[in-house]
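Subject: Structure handover

Hello,

Here is the structure for you to look through. My notes follow below it.

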Amino acid sequence: MKRLHRLTAILVKLQSKKVVQAASLADKFEVSLRTIYRDMQALTDAGVPIGAEAGTGYFLVDGYSLPPVMFTEKEANALLTASKIIKTNNDQSLINEYQDAIEKVIAVLKTTQKEKLEILEQRIFTYSKRAIHPSNTLSIIQQAITDLRILEIQYAKASKEQSKRLIEPLGVYFSNNTWVLIAYCRLRDDYREFRTDRIIHLIETQELFAQQRFTLEDYYNRRAHLYRTNISS
């Protein structure tokens, strides 16, 4: 990769994350740490306000933003292909939000790129069985996760029994063409999983819940430990 392209890519990386470690940049671009240090100095000399914290990494000073990013043809093709795949998922809100994002990407492409993308759009096809009970709540759930906002849901179990729950949304995962919400359920006073296609009704409340340390890795490690404990007992 030419240095100019690498410097641009580093800037994009800095703008997309709070903190970027020099070691991760060196691995990504397959260069030495010394090269990354020189790149950072070059960006600083060019007037980019880059901050550094020992043992943490580099970051952009608040208030600095890059001009609109230009996409390569391969990057635009990858985004278009991803949109085709996303259309096979069972949540309509994700499809709508991604389609809006793709239209913004296409808007900044050159005319020749747009023409090539139109050709490719007609020649990519993905297929999956249509969801019997599609959902339309994923975008609201994702926002609630980052806003720490409690959700009130009307939920139907596989047995068709329904219940009203107040939940603290923590994460989501996609399995067997279905989005599943991981949340702390106040009714059960424990973590629970909710298939989004069984959420009959969802309300965003005005109540916020306290930030807590939660990662999907920790969650699944805890589940695996409980499973092994139950099997051995």
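A salt bridge here is a side-chain nitrogen of Lys or Arg within 4 Å of a carboxyl oxygen of Asp or Glu. The model is predicted, so local features need pLDDT of at least 70, side-chain atom pairs count only at pLDDT 80 or more, and totals for chains, interfaces and linings use all residues. Residues are numbered from 1 along each chain as its sequence is written, and side-chain values use heavy atoms, with hydrogens and water left out.

**Salt bridges**

The count comes to 11 salt bridges. One of them joins Arg213 and Asp218, at 2.3 Å from N to O. How open are these two? Buried means under 20% relative accessible area, exposed over 50%, and partly exposed in between (1.4 Å probe, protein chains only). Arg213 is exposed, because its relative accessibility is 70%. Asp218 has 26%, so it counts as partly exposed.

Arg186 and Glu168 also pair up, at 3.2 Å from N to O. Arg186 sits in the loop between strand E5 (178-185) and strand E6 (190-195), and Glu168 in strand E4 (residues 162-175), so this bridge ties together parts 18 residues apart in sequence. Strands (E, at least two residues) and helices (H or I, at least four) are DSSP runs, numbered from the N terminus. Arg186 is partly exposed at 35%. Glu168 is buried at 11%.

Arg3, Arg6 and Asp39 form a network of salt bridges.

**Helix H1**

H1 covers residues 3-16, which is 14 residues. From first C-alpha to last it reaches 20 Å, close to the 20 Å expected at 1.5 Å a residue. That expected span is 1.5 Å times one less than the number of residues.

Which residues of H1 are buried? They are Arg6, Leu7, Ile10, Leu11 and Leu14. They lie on the same side of H1, because they cover an arc of only 140° around the axis. The arc is taken from the directions from the helix axis to the C-beta atoms. His5 and Ser16, on the other side, are exposed. The buried residues pack against helix H2 (22-29), helix H3 (33-45), strand E1 (50-53) and strand E2 (57-60).

**Asp91**

Asp91 is in the loop between helix H4 (73-86) and helix H5 (92-107). Asp91 is buried yet has no salt bridge. The nearest side chain of opposite charge, Arg195, is 12 Å away. (Lys and Arg count as positive, Asp and Glu as negative; His and the chain ends are not counted.) The side chain of Asp91 does reach the backbone nitrogen of Thr137, at 3.1 Å.

Best wishes

Terms used: Contact means heavy atoms within 4.5 Å. A polar contact is a pair of N or O atoms within 3.5 Å; within protein, one must be able to donate a hydrogen and the other to accept it, and residues adjacent in sequence count only if both atoms are side-chain atoms.
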